[in-house]
Amino acid sequence: MAMDLDEPLDAAAVAEMGEAALQRLCDADPALFLSPSADLAAAARAASRHIYSSLAPLSPAQPPPFPSLLAGPAFDAEQIWSQIELLDRPLLPHLRRQLRRLEQQPPSQPQPPLEKPAVAEREQSEEEDGEGSESEELKEEEEEEELEETDDVEEMGDDYEEEEELDGRERKGVEDKFLKIDEMAEFLDRGDEEEYGGGAKRGEKKAKKNWMESDDEDEEDEDGDEDDEDEDQLDLEDFEDDDEEAEGAGEIMYKDFFEKGHKKEAKKKDGYTKKVQFKDEAHEIEVDGSEDDDDGNDEQVLSTHEKERLKMRAKIEQMEKANLDPSTWTMRGEVTSSNRPKNSALEVDLDFEHNVRPAPVITEEVTASLEEMIKKRIAEGQFDDVEKPSIVPSKAPKEHKELDESKSKKGLAELYEDDYAQKAGLAPAPLSISDELKKEGSALFKRICLKLDALSHFHFAPKPVIEDMSVQANVPALAMEEIAPVAVSDAAMLAPEEIFEGKGDIKEEGELTQAERKRRRANKKRKYAGSHKERPASLQKD
Amino acid sequence: MIRRNIRKRREYLYSKSLEGTERALFEKKRLLRAALEEGKPIPTELRNEEHELRRQIDLEDQQRQVPKSIVDDEYATATVREPKILLTTSRNPSAPLTQFVKELKVVFPNSQRMNRGGQVISEIVESCRSHDITDLILVHEHRGQPDGLIVSHLPHGPTAYFGLLNVVTRHDIKDRKAMGKMSEAYPHLILDNFSTQIGERTATILKHLFPVPKPDSKRIITFANRDDYISFRHHVYEKPGGPKSIDLKEVGPRFELRLYQIKLGTVEQNEAKSEFVLRPYINTSKKQKTLGA
């Protein structure tokens with residue numbers, strides 16, 4: 001028959017058969033696999049079926065797409081393989097998340113008691129796999145989740161997130177819609193990969209490769225276990241000089257970090273031996289090679305510390321260089337156009353506050369409001385014109401003397417006497433009140449005038465001439481000199497022009513020549529004749 | 001001329017130094033006058049000087065009652081004489097600028113326009129002084145647009161520097177025939193919203209560019225201060241339907257002035273003291289209202 005439908009009804013028997021098949025495969029000589037043998041194929045199918053059924057309950061997608069693996073002789077490798085893939089596709093990330101959660105959590109968290117009968121099966125499968133305590137915890141956690149899960153769990157993504165959320169709420173109050181510890185852990189792992197050249201995930205990657213390559217999926221679990229181990233051990237070893245997979249989980253001591261030299265080396269050696277245990281030979285070789293290389297100071301493959309140091313050095317150099325170099329022109333203080341590259345200010349996005357009020361835009365409203373104001377002012381007649389100045393009198397008002405019309409009692413001669421006496425200073429002038437004021441006024445004015453004259457350093461126009469009538473005797477100088485006293489000068493005598501007005505050469509009668517005498521007479525006659533013509537006609541002689 | 005100028009400068013400095021004491025004296029006289037009028041006892045601080053002050057009060061007349069300041073000095077004779085203005089431009093003016101200056105010549109009565117040629121500012125100012133010109137106005141431009149106006153009062157007077165914005169000239173308006181000719185009567189002035197001290201000063205500077213108008217003149221020139229920008233408008237009005245209805249017709253150029261400096265000397269005096277300088281880049285420049293309200 002095509003399908004091998006002879007499945008024993010008893011679950012335990014089925015399990016036993018599967019176990020047996022698995023054992024047979026393990027014990028088989030590898031050379032036998034080179035040639036196709038029906039026996040081995042059947043065993044492989046049985047083993048696959050067994051393992052599938054043991055894993056199916058663990059899968060996050062419940063119910064699993066295939067409750068049991070259809071691995072009859074009719075199905076070829078491709079079909080079986082795709083079924084397995086269907087189961088495993090959601091499983092692996094789920095397992096990874098579990099592991100990470102475990103990493104964050106201290107492993108000594110008390111697990112709630114489990115009661116389902118399914119536990120027994122799983123425990124069996126765990127035993128088969130032969131894992132350490134962590135994986136147990138991991139499985140237990142998985143069970144927890146599945147206990148918590150309700151029926152409608154279809155999409156893997158939602159599942160995971162829900163689970164994680166539930167767990168998160170239980171465990172830590174830190175997580176909210178922005179922060180997810182798992183995502184943060186993922187991010188950190190990625191960072192670690194970059195920093196340390198993927199050493200973190202090396203094991204996992206290799207494991208994946210192996211998983212892809214191999215036909216047996218019993219390697220899956222083991223590789224998965226390896227991953228778990230790797231991941232757990234990683235962050236403890238990050239800061240050590242040793243290579244990644246040196247120590248096991250619980251064996252890191254204070255003295256490994258803080259006591260120098262020999263202990264680490266001892267550990268290294270242990271690491272050596274431990275590494276040999278791994279199936280991943282390529283990985284091993286690489287690690288061994290790196291150990292040798294480190295001793296030999298070869299640059300090809302460096303330890304994480306070396307790499308870190310190099311990176312740090314490069315960063316330091318870069319920063320020092322940046323500090324020493326002249327900064328970009330935008331970071332310097334006052335920069336004029338000659339100090340920066342051409343047109344660079346056009347490219348930079350300059351932002352500064354404009355403290356100036358913008359210029360007014362003359363809109364219709366503005367014009368209208370102005371005109372309103374103007375009209376109002378016109379209506380009121382209120383303008384701001386220049387005012388005409390009030391006329392300040394520059395001259396003092398004239399004094400109007402009142403004429404006394406009564407006949408004066410003094411005679412004319414007496415009046416003249418009084419005047420002369422005043423001028424000569426023989427009789428004192430009669431005092432009057434107005435005179436006093438006048439005197440005061442004139443005294444003040446004189447003082448002011450003096451000050452004003454001082455302003456111009458006494459360079460001013462000469463005193464106005466006061467015309468005085470006084471008699472000047474036209475006495476010849478000789479006579480004056482003889483009689484008059486010495487103090488009298490001849491400057492007050494008449495000037496020559498005042499004696500004679502005329503021009504030219506003056507000759508007396510005795511000095512004239514005949515011709516000149518005749519000329520004079522002729523002139524006289526002409527004058528006489530001219531003046532006589534002007535007389536009225538009646539008086540002229542006929 | 002030089003000595004005269006030196007003397008005048010000394011006079012100015014001396015009178016400025018006296019201003020303080022004069023103001024104090026004026027204050028005392030005012031107090032005394034007030035006390036005498038009200039019949040209250042004389043304030044104790046004036047007891048010693050009371051006799052002297054009384055005598056001075058008796059001798060005072062209208063003019064002497066107001067305390068003088070140098071500012072008043074500058075425009076003291078402005079009311080007596082009619083202003084005589086000379087308009088000119090910066091060097092090598094463009095055609096639009098010359099057109100604008102021609103329009104300004106019509107706006108200011110008693111004004112003359114002069115081609116700049118290659119004259120130096122000091123020469124111009126000297127010739128103005130000798131020709132008894134009271135104000136010199138310089139107009140500057142940027143690529144055809146008039147952008148600067150400098151008004152300098154000539155016998156040592158203050159100089160006001162304005163920036164011009166939003167200039168609309170009569171030449172720009174196409175429909176010239178509708179505008180008609182510009183009236184050349186002496187205009188009435190409206191100076192609106194010049195309330196601060198600098199505002200008052202600017203108002204006097206602008207006011208004394210114009211002569212005393214006739215009361216029935218129909219021409220109005222407005223300088224309205226809005227937000228430190230002075231709007232210049234030139235209207236001719238009519239009252240067609242009785243005194244209440246007013247018909248404004250805009251005539252003449254229209255521009256905004258922005259005062260950015262007042263100096264206490266003429267244009268050519270570079271070291272003259274600044275009475276006011278605009279500071280647009282200080283942090284509180286938005287809040288400042290220098291010209292009023």
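**Close-up views of a predicted two-chain model**

**View 1. Salt bridges across the interface of chain B and chain A.** In this predicted model, the rule finds two salt bridges across the interface of chain B and chain A. One of them joins the side chains of A:R357 and B:D227, for which the N to O distance is 2.9 Å. Side chains of opposite charge can pair when their charged atoms come close. Across the interface of chain B and chain A there are also nine residue pairs in polar contact, with both residues of each pair at pLDDT 80 or more.

**View 2. The side of chain B that touches chain A.** At least two residues of this side come from each of the chain B strands β5 (159–168), β6 (188–192), β7 (219–226), β8 (229–238), β9 (247–250) and β10 (254–263). By class, the residues on the side of chain B that touches chain A comprise 18 nonpolar, eleven polar and 14 charged. In terms of contact, 43 residues of chain B meet 25 residues of chain A. The size of an interface is often given as the accessible area lost when the parts come together. Between chain B and chain A the buried area is about 3,000 Å², and carbon and sulfur atoms give 61% of that area.

**View 3. Packing of helices α3 and α7 in chain A.** Two packed helices are described by the angle between their axes and the distance between the axes. For helix α3 (residues 77–104) and helix α7 (residues 181–195) of chain A, the packing angle is about 95 degrees and the axes lie 10 Å apart. The pair α3(A) and α7(A) is therefore roughly perpendicular, since angles of 65 to 115 degrees count as such. From α3(A), the residues A:R100, A:R101 and A:Q104 meet A:I181, A:D182, A:A185, A:E186 and A:D189 of α7(A). This contact of α3(A) with α7(A) has five charged residues, two nonpolar and one polar.

**View 4. A salt bridge within helix α1 of chain B.** The side chains of B:E27 and B:R30 meet in a salt bridge, with an N to O distance of 2.4 Å. Because B:E27 and B:R30 are three residues apart in helix α1 (residues 2–38) of chain B, about one helical turn separates them. Over all chains, a search of the whole structure finds 25 salt bridges.

Note on methods. Residues numbered from 1 in each chain as written. Chains lettered and ligands numbered in written order. Predicted model: local features only at pLDDT ≥ 70, side-chain atom pairs only at ≥ 80, totals over all residues. Heavy atoms only, no water. Contact = heavy atoms within 4.5 Å. Buried area = accessible area lost by both parts, 1.4 Å probe. Salt bridge = Lys/Arg side-chain N within 4 Å of Asp/Glu carboxyl O. Polar contact = N/O pair within 3.5 Å; in protein donor to acceptor, adjacent residues only side chain to side chain. Helix = DSSP H or I, 4+ residues; strand = E, 2+ residues; numbered from the N terminus. Nonpolar A, V, L, I, M, F, W, Y, C, P; charged D, E, K, R; others polar. Axes fitted to C-alpha atoms, helices over the stretch in contact; angles between N-to-C directions. Parallel < 35°, antiparallel > 145°, perpendicular 65-115°, else oblique.
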